Amino acid sequence: MNSGECRQFDKALARGQEAVAALEIHTASCGDCRERLRVWKEISQAAPALKKEWESPDLFSRIARALAAAPPHGAQAPALPRRRATWIPAAAAAALFVLSMIGLSVFKPGESGREPISNLRVSREPLMTEQTLNEVESAEAKYLQSIEKLSRVARPRLESPGTALLAAYKEKLELLDSAIAETRDQIQQNRFNTHLRRELLAMYQEKQRTLQDLMKEAKS
Amino acid sequence: MQIGRPPEDRSRISFLAKEGNLPDSDRPGGPRDDEALLEECRAGNLSAFEHLYEMHGARMKSIAANLLGNLADAEDAVQDCFLKVYRGAASFRGASRLSTWIYRVLVNSCYDMLRKRRRYPLEARSEGETLASGREAVTPASDHPLRLSLEACVKDLEPRRRAAFLLFEVEGFTHREVGDILGVPEGTSKTLLFEARRELQRRLWKRGVVPRVGA
């Protein structure tokens, strides 16, 4: 039965939550609505995975400092000591300095025979050396090969996902592939960017885990 | 351990906060009820705030991270919330439980930040958003294959529906608590959640993750 043949679930959705709850009886005899109700419930089952957890060892001390600096009740409060505020004066000073230097270069081009600013070369000492980069890229290529091997094994399962769960895995892998491609493009613009390489590694690891989960699911 | 007292007292506050040298009776998890905690908050007792942080901090961070889309802003929102609780404790009349009031303040702080910064659509990221120190949010042990798609869809929900969904389905509040937090009747909380789930199912269908359902 497809959505064109049974509109019970659609009607229940339009009527409200009680109507959806009452669908249980109908689903005993309608496989299509049973599947739709299962997916409806699956959203609730997946929701707890959206919970975020991370360590914040200095957060309470920040709060304590803010509370200690707060005036008594009713008085005007000072601005919060936010983490971003600390670099703003330094950044403003640096920007001012750079603008001053540019101004000097532009408005006094021939005074001391200096080169035009467009010819100036900024020293770009990379954080990674060429040799380290080659090692990283070589390790990355090997890791990628092993994931590709796993992808080839999983491909038949992904081409025709038989269940909603496998379809969800497929969706997740597509999202990961898209993010990986985007990050790789960014890396091509600056091959020495270690932060992007770490991000890329995390994505590869997530892809590997997802492929392994998918294979387990397909076997069970 | 009073907050907002003359500077000579503040050094002691910093010391206590830093070293965790709180009396046993003030330790988080001790036998404190809302009334007593509120009184201590009104009096500016730092240990009361530490108790609240120990009890609710993790959940507050999670809610803020999901509403704001990144971890650093979430920490700012929690900090802002505690400051507002301190300032507002004197005028809190106890119409709801202290804990739900705190979450209400937090959700409003998040909305304020969204309005003020107006950068959520550009900066919203789900997993992998790192703090300046390089720390990352961890995925719960019970991960679900729908998580990434669901997370992307939740971000696009209308704010009140998103808040209702996050509070009820993700954080496990009851509809009564969600109603108190969002400042709406319990029935409205149920309606918001229903609308959120219907919208999510529709969006998930558009992504081809789940079978299609009607309006």
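Visitor: Which residues is B:L106 in contact with, beyond its neighbours within four places in sequence?

Guide: Two residues are in contact if their C-beta atoms, placed from the backbone, lie within 7 Å. For B:L106, the partners are B:M60, B:I63, B:A64, B:A77, B:V78 and B:C81. This is a predicted model: local features need pLDDT of at least 70, side-chain atom pairs count only at pLDDT 80 or more, and totals for chains, interfaces and linings use all residues. Residues are numbered from 1 along each chain as its sequence is written, with chains lettered from A and ligands numbered from 1 in the order in which they are written.

Visitor: Which residues of α5(B) are buried?

Guide: Buried means 20 or more other C-beta atoms within 10 Å of the residue's own; exposed means 12 or fewer, and partly exposed lies in between. In α5(B), the buried residues are B:T100, B:W101, B:I102, B:Y103, B:V105, B:L106, B:V107, B:S109, B:C110 and B:M113. They pack against α3, α4 (71-88), α8 (159-170) and α9 (175-182) of chain B.

Visitor: How many residues does helix α5 of chain B have, and what span does it reach?

Guide: Helices here are DSSP runs (H or I, at least four residues; strands are E, at least two), numbered from the N terminus. Helix α5 (residues 98-117) of chain B has 20 residues. From first C-alpha to last it reaches 28 Å, close to the 28 Å expected at 1.5 Å a residue.

Visitor: Which residues touch the most other members of the largest nonpolar core?

Guide: Such a core joins buried Ala, Val, Leu, Ile, Met, Phe, Trp, Tyr and Cys residues through C-beta atoms within 7 Å. The largest has 77 residues, and A:L67, B:A64, B:L106 and B:A164 touch the most other members. Helix α3 (residues 46-68) of chain B gives the most to this core: 10 residues.

Visitor: What makes up the secondary structure of chain B?

Guide: Chain B has 10 helices and zero strands. Of its 215 residues, 43% are buried. Among its contacts with a separation of 6 or more, 63% link residues 24 or more positions apart.

Visitor: What about chain A?

Guide: Chain A has nine helices and zero strands. Buried residues make up 18% of its 220 residues. Residues 24 or more positions apart account for 54% of the chain A contacts with a separation of 6 or more.

Visitor: Where is A:L176 found?

Guide: In helix α8 (residues 164-189) of chain A. A:L176 is partly exposed, because 18 other C-beta atoms lie within 10 Å. Not counting residues up to four places away in sequence, A:L176 touches A:M203, A:E206, A:K207 and A:T210. A:L176 and A:E206 are 30 residues apart in sequence, yet 8.0 Å apart in space, C-alpha to C-alpha.

Conventions:
Expected span 1.5 Å × (residues − 1).
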